[in-house]
Amino acid sequence: MSNSEVPSGRGRTGGSSAPGGRGRRRGAVVGAGRGKEPVAVVGVGQTKHVSARRDVSIAGLVREAARRALEDAELTWGDVDAVVIGKAPDFFEGVMMPELYLADALGAVGKPMLRVHTAGSVGGSTALVAANLIAARVHRTVLTLAFEKQSESNAMWGLSLPVPFQQPLLAGAGGFFAPHVRAYMHRTSAPDHIGALVAYKDRRNALKNPYAHLHEEDLTLEKVRSSPMLWDPIRYSETCPSSDGACAMVLTDRAGAARTPRPPAWMHGGAMRSEPTLFAGKDAVSPRAGSDCAADVYRQAGVTQPRREIDAVEMYVPFSWYEPMWLENLGFAEEGQGWTMTESGATELDGDLPVNPSGGVLSTNPIGASGMLRFAEAALQVRGLAGAHQVEGARRALGHAYGGGAQFFSMWLVAADPPTS
Amino acid sequence: MDDVLTAPMVVEFPFTRSLGPVLSAFLTGLRERTVLGVTATDGRVVVPPTEYDPVTAEEVRDLVEVGQTGTVTTWAWNGAPRRGQPLAHPFAWVLVRLDGADTALLHALDAPEGPGSVSTGMRVRVRWAQERTGAITDIACFEPAPHDPPPPGRPAAHPGTFPEPVTGIVAAARLDYTYSPGRAQTRYLNALAEHRTKGERCPRCRKVYVPPRGACPTCGVATGEQVEVGPAGTVTTFCVVNIKAKGLDIDVPYVYGHIALDGAGLALHGRIAGIPCDQVRMGLRVEPVWTEGGRHPDHYRPTGEPDAAYETYKELL
């Protein structure tokens with residue numbers, strides 16, 4: 001029996017009433033108008049991401065991010081109607097269904113609490129499940145949170161479990177994705193150095209983000225290019241770190257946004273798409289689920305020229321080459337031209353489409369939280385609260401996540417202005 | 001129906017747990033034969049302690065020391081203990097409200113006289129483990145105690161500080177499964193035993209799945225028609241693995257390739273050898289190399305044919 005999962009018996013669950021908020025009515029909203037309720041991000045919180053947070057339990061880790069999100073929104077636990085939490089596979093910490101014991105740490109007692117899982121994209125899909133609860137007027141204010149404490153396990157082990165009757169071949173996520181990177185390079189005739197440009201850019205951006213895990217002050221492009229080749233064509237410095245961290249957001253409705261002290265980010269579109277990991281005709285370089293998902297988000301947001309109309313992108317890039325690959329998949333570059341866009345400097349912090357101003361997954365990877373960090377960083381950009389990695393004048397930003405064997409996609413587009421319809 | 005293959009599958013890992021301040025005090029306390037609880041906002045004493053108030057969600061840190069005798073609030077008899085459970089012989093799972101606590105702790109009760117000797121309301125006391133490390137198992141179990149009433153008064157405050165506190169534990173998790181790959185893969189594996197590779201064709205899109213899964217994931221229909229593919233194929237893409245994965249017994253570097261066997265509708269994954277790593281290329285023609293007793297080809301080696309044109313395999317990456 002594990003110490004953290006021993007039920008504490010009476011008193012824990014016995015009909016306790018929900019904590020009182022500011023006296024306003026919680027729960028379902030009756031008699032609301034037609035159409036979807038606009039969804040606003042009014043609070044963002046994250047932990048300082050590091051390789052091992054040995055000073056806190058999982059409860060303490062998620063609590064830290066949640067508290068910061070509430071502080072940003074200037075709300076209390078009682079103001080929250082529901083909690084939606086996500087993380088990557090339970091194997092990663094070996095706590096089966098950790099949400100069961102996190103209810104008190106997240107103020108969820110007496111409220112609905114949902115857990116979402118879609119592998120590495122989970123942080124994004126968790127935020128979308130939370131947003132949909134508001135858009136559907138099921139709840140008014142929802143705390144959403146995602147986390148991973150990678151130091152408690154070994155994700156590479158968790159992703160390479162030997163299965164009977166199968167040949168043990170696979171060496172972690174890098175080994176899985178590296179052949180797709182090679183296929184991209186072949187298909188587009190991209191020169192070898194593009195991946196290093198992305199890794200160098202994202203690590204430089206991370207120096208401007210106090211929460212980022214990797215702060216490699218002395219990194220040079222040459223060091224990236226000469227770092228050890230792990231899964232040829234992917235080098236060590238082109239891979240994401242293994243991080244402990246959590247990210248939380250407070251989402252609310254129009255009335256909640258009207259009361260909030262700091263500028264909100266408004267959701268203009270959100271979508272998820274799935275496809276099998278392997279099937280005949282799958283385009284692993286540019287999965288159809290990804291491009292369909294982006295197209296749906298742009299349609300909802302009324303975006304017809306993503307490159308021109310979007311000011312910043314937080315994209316899920318765990319291996320450097322995925323930046324040019326996703327630039328094409330998400331419609332920012334013509335097919336085969338993602339790498340030229342990266343090479344031109346367009347995706348740098350001062351370029352015309354900054355990608356991963358926060359430093360991205362390449363600088364911070366608490367797997368379950370990584371997708372939500374993309375969504376939250378996009379929100380920070382359009383709220384004007386991104387600090388030193390703020391993209392000047394950002395009005396519209398895309399948050400993107402993918403997971404599994406490039407089989408789950410989730411994205412949202414947030415803006416400084418509320419939706420008009 | 002074919003006989004379906006099955007095999008044991010064990011997943012085990014020594015997960016670590018960082019405890020944080022409250023659970024660190026609780027487990028270190030157990031090592032020192034001291035049971036700590038935490039006072040919640042409403043004054044109730046919660047044992048084992050939580051870090052956050054179960055009602056208000058506020059951070060709670062006021063520790064108290066509770067008694068080592070308590071009252072059973074409910075129980076269940078475990079007549080057939082499994083590996084890893086607190087006692088090897090039949091025992092009762094009990095919820096024990098320790099004297100001074102307002103909540104109950106789950107543990108084992110050693111009741112050698114059987115389930116007839118266990119009752120709700122019975123008094124029990126901690127039996128400490130001989131060797132204690134700072135874990136819930138430092139309480140070996142509970143044992144029946146004389147039926148004295150709980151002592152009056154509230155538990156005393158405790159600073160929760162001890163020399164050399166326990167800050168983390170190792171939770172060795174182990175899951176035992178019986179794994180079956182299912183009927184379609186059983187047919188595939190049985191054919192491999194004869195060094196033949198059999199896929200299954202989708203009746204709708206006509207693509208041949210290798211290995212087969214019994215259904216086409218695109219069309220959502222069963223695949224029944226068996227089709228022999230290969231033996232040769234084309235390397236459609238690959239990587240060179242230079243890093244050893246935990247538990248994977250392959251010397252690095254090795255080439256992990258996607259191989260489209262002739263006639264297959266998608267690539268399978270395999271190791272490519274018999275050629276220096278830096279000479280492997282997309283389009284390379286390869287064939288399986290079998291070893292005695294191996295269930296799968298050990299690896300794929302070049303056939304010596306000219307490379308396949310990209311156009312012939314670009315949909316099979």
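**Close-up views of a two-chain predicted model**

**View 1. The contact between chain A and chain B.** The contact takes 62 residues from chain A and 68 residues from chain B, where two residues are in contact if their C-beta atoms, placed from the backbone, lie within 7 Å. The structure is a predicted model, in which local features need pLDDT of at least 70, side-chain atom pairs count only at pLDDT 80 or more, and totals for chains, interfaces and linings use all residues. Residues are numbered from 1 along each chain as its sequence is written, while chains are lettered from A and ligands numbered from 1 in the order in which they are written. On the side of chain A that touches chain B, the elements giving two or more residues are α1 (58–73), α3 (155–158), α4 (172–188) and β5 (229–232) of chain A. Helices (H or I, at least four residues) and strands (E, at least two) are DSSP runs, numbered from the N terminus. With seven residues, α4(A) gives the most to this side of chain A. The residues of this side comprise 32 nonpolar, 19 polar and 11 charged; Ala, Val, Leu, Ile, Met, Phe, Trp, Tyr, Cys and Pro count as nonpolar, Asp, Glu, Lys and Arg as charged, and the others, Gly among them, as polar.

**View 2. Strand β5(A) and its partners in both chains.** Two strands pair if DSSP finds at least two bridges between them. Two bridges join β5(A) to strand β15 (residues 233–241) of chain B, and these strands run antiparallel. Here A:D232 has B:V240 of β15(B) as its bridge partner. Within chain A, two bridges also join β5(A) to strand β6 (residues 234–235), again antiparallel. A:M229 stands opposite A:R235 in β6(A). β5(A) and β6(A) form a hairpin, with one residue between them.

**View 3. The two domains of chain A.** Chain A is divided into domain 1 (36–154 + 244–264) and domain 2 (172–241 + 266–415), with bounds that come from an automatic or database domain assignment. Taken over C-alpha atoms, the centres of these two domains of chain A are separated by 23 Å. Their contact takes 38 residues from domain 1 of chain A and 36 residues from domain 2 of chain A. On the side of domain 1 that touches domain 2, at least two residues each are supplied by β1 (40–46), β2 (82–87), α2 (122–135), β4 (141–149) and β7 (244–252) of chain A. α2(A) gives the most to that side, with eight residues. The residues of that side of domain 1 divide into 20 nonpolar, 13 polar and five charged.

**View 4. An open sheet in chain B.** Three strands of chain B form an open sheet in the order β13-β12-β14, with antiparallel pairing. β13 (208–209) and β14 (225–229) of chain B stand at the edges, each with a single partner strand, so one side of each is left without a neighbour in the sheet. Five bridges join strand β12 (residues 197–201) of chain B to β14(B). B:E200 stands opposite B:Q226 in β14(B).
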